[in-house]
Amino acid sequence: MEMINATGRRKSAVARVYLTKGDGKVTVNGRDFRDYFVQTHVQDSVIAPFEAIDAERIYDVKINVTGGGFKGQAEAIRMALSRALVELNEDFRKPLKSKKYLTRDARVVERKKYGKPKARKSFQFSKR
C-alpha cells in the first residue's frame, strides 16, 4: 500500500489527509493530534473513523488542516479520513456511511444582513 490522500471540508475548514501503513501515529500540522486538539471529545471525533471499522493502530496519518475553528477542523479531518479509508477498502463504506462520516455537513454561518445588527436579530421595535 502506497500513500492514499483525501480531502474533507466542514464550515470553512479544509483538511488534507495522507494515509500510509504504520503503527497508528496521527500528526496534525506537524504536531501529535492530542497536542493539537486539547479537548478529549474533539480528539475522539478525529479518530472516530478508525473506531467505526476497528482499525486503530494500523495506519499512520499525516494531516494538513487550515481554516475554521477546532471543531470544524476536527470534523473536516473525520470526513477526509473516512474518504481515505473507503478509497483503501470499499468494505469500509457501509459502517462509515451509517455513522454519516462520509456526508458533507453543509451548515455554515449565515451572513449578516443590512439594517440588522446580526443575521436575523432586529433592533427593538418601537410603535411610538
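The model is predicted, and local features are reported at pLDDT of at least 70, side-chain atom pairs at pLDDT 80 or more, while totals for chains, interfaces and linings use all residues. Residues are numbered from 1 along each chain as its sequence is written, and side-chain values rest on heavy atoms, with hydrogens and water left out.

Helices (H or I, at least four residues) and strands (E, at least two) are taken as DSSP runs and numbered from the N terminus. Strand β1 spans residues 4-10, and strand β2 covers residues 13-21. The two pair in the antiparallel sense over 7 bridges, pairing being assigned if DSSP finds at least two bridges between two strands. Within this arrangement, Arg 9 stands opposite Val 14 of β2. The hairpin leaves 2 residues between the strands, and Lys 11 in the turn has a positive phi of about 50°. In a regular strand, side chains alternate between the two faces of the sheet. In β1, the covered face carries Ile 4, Ala 6, Gly 8 and Arg 10, whereas Asn 5, Thr 7 and Arg 9 make up the uncovered one.

Turning to charged contacts, the whole structure holds 7 salt bridges, each defined as a side-chain nitrogen of Lys or Arg within 4 Å of a carboxyl oxygen of Asp or Glu. In the bridge between Asp 105 and Arg 107, the closest N and O atoms are 2.8 Å apart. Asp 105 is partly exposed at 22% relative accessibility, and Arg 107 is exposed at 59% (buried means under 20% relative accessible area, exposed over 50%, partly exposed in between, with a 1.4 Å probe and protein chains only). Another bridge joins Arg 120 to Glu 110, with closest N and O atoms 2.9 Å apart. Both residues lie in the segment after α4 (93-98), so this pair ties together parts that are 10 residues apart in sequence.

Finally, the search finds 2 aromatic pairs. Phe 37 is buried, with a relative accessible area of 1%. The rings of Phe 50 and Tyr 59 have centres 6.4 Å apart and planes at 25°, so they count as stacked. Rings of Phe, Tyr and Trp (its six-membered ring) pair if their centres lie within 6.5 Å, with planes under 30 degrees apart stacked, over 60 edge-to-face and the rest tilted. Phe 50 and Tyr 59 are both buried.
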